[in-house]
Amino acid sequence: MTSLTEYKNLINSLVANANKQNKTNFNASASIAFNSGELFTAIHNTEYTVMGEKVNGKWLIKASFRDLFDFDYHDVNYYGPKGKEWLANNMAAISQNQGAIVPFWATYTVDDTR
């Protein structure tokens, strides 16, 4: 499953739940760990807030993801299915440990419709 599919599943689930309850808006916050694709390598474990409002039968969605941009070293098999990602991560973790990369908080906002 790609991270884009994981994102779509998250949004679709929230919308379906609101529709089932005949709501015209919703607000959800939690954390999510993307398991593949660009979101796995870019933000992986992140906090999110999703707000939705139904206007003229269409859901207007604003999703916000907040993540600490940092790297943790992992002792993994580089020959596995995510070998390149883990190798890049561990190289960045070593760079962070040496002070070349400084952790910072980043927020990503996505406007969407359903």
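Is Arg 66 buried, partly exposed or exposed? Arg 66 counts as partly exposed, because its relative accessibility is 36%. Buried means under 20% relative accessible area, exposed means over 50%, and partly exposed is in between (1.4 Å probe, protein chains only).

Before moving on, note the ground rules. This is a predicted model: local features need pLDDT of at least 70, side-chain atom pairs count only at pLDDT 80 or more, and totals for chains, interfaces and linings use all residues. Residues are numbered from 1 along each chain as its sequence is written, and side-chain values use heavy atoms, with hydrogens and water left out.

**Stop 1: the whole chain**

Show the cartoon. From the N terminus on, the order is α-β-α-β-β-α-β. Helices (H or I, at least four residues) and strands (E, at least two) are DSSP runs, numbered from the N terminus.

Now switch to C-alpha atoms. Along the principal axes they fill a box of roughly 50 × 30 × 15 Å. The radius of gyration is 17 Å, whereas a compact globule of 114 residues would have one near 13 Å. That radius is taken over C-alpha atoms, and the globule rule is 2.2 Å times the number of residues to the power 0.38.

Of the 114 residues, 29% count as buried.

**Stop 2: salt bridges**

Side chains of opposite charge can pair when their charged atoms come close. The structure holds three salt bridges. A salt bridge here is a side-chain nitrogen of Lys or Arg within 4 Å of a carboxyl oxygen of Asp or Glu.

Select Arg 66 and Glu 47. Their side chains meet in a salt bridge at 3.7 Å, N to O. The pair links distant parts of the chain: Arg 66 is in strand E3 and Glu 47 in strand E2 (residues 45–55), 19 residues apart. Glu 47 is partly exposed, with a relative accessible area of 40%.

Next, select Asp 111 and Lys 62. Their salt bridge spans 2.7 Å, N to O. Asp 111 lies in strand E4 (residues 104–113) and Lys 62 in strand E3, so this pair ties together parts that are 49 residues apart in sequence. Asp 111 counts as exposed at 58% relative accessibility, while Lys 62 is partly exposed at 38%.

Then select Arg 114 and Asp 112. The closest N and O atoms of this salt bridge are 3.0 Å apart. Arg 114 is partly exposed at 30% relative accessibility. Asp 112 is buried, with a relative accessible area of 17%.

**Stop 3: Thr 49**

Select Thr 49, in strand E2. Thr 49 is partly exposed, with a relative accessible area of 29%. Which residues does Thr 49 touch, not counting those up to four places away in sequence? Asn 27, Ala 28, Ser 29, Lys 62, Ala 63 and Ser 64. Contact means heavy atoms within 4.5 Å.

Zoom in on Ser 29. Its side chain makes a polar contact with the side chain of Thr 49 at 3.2 Å. A polar contact is a pair of N or O atoms within 3.5 Å; within protein, one must be able to donate a hydrogen and the other to accept it, and residues adjacent in sequence count only if both atoms are side-chain atoms.

Thr 49 and Ile 101 are 27 Å apart in space, C-alpha to C-alpha, and 52 residues apart in sequence.

**Stop 4: Asn 25**

Go to Asn 25, in strand E1 (residues 25–33). Asn 25 is partly exposed, with a relative accessible area of 46%. Leaving aside neighbours within four places in sequence, Asn 25 is in contact with Gly 52, Glu 53 and Trp 59.

**Stop 5: Asn 89**

Select Asn 89, in helix H3. Asn 89 counts as buried, at 16% relative accessibility. A polar contact of 3.2 Å joins its side chain to that of Asn 90. Beyond neighbours within four places in sequence, Asn 89 is in contact with Phe 71, Asp 72 and His 74.
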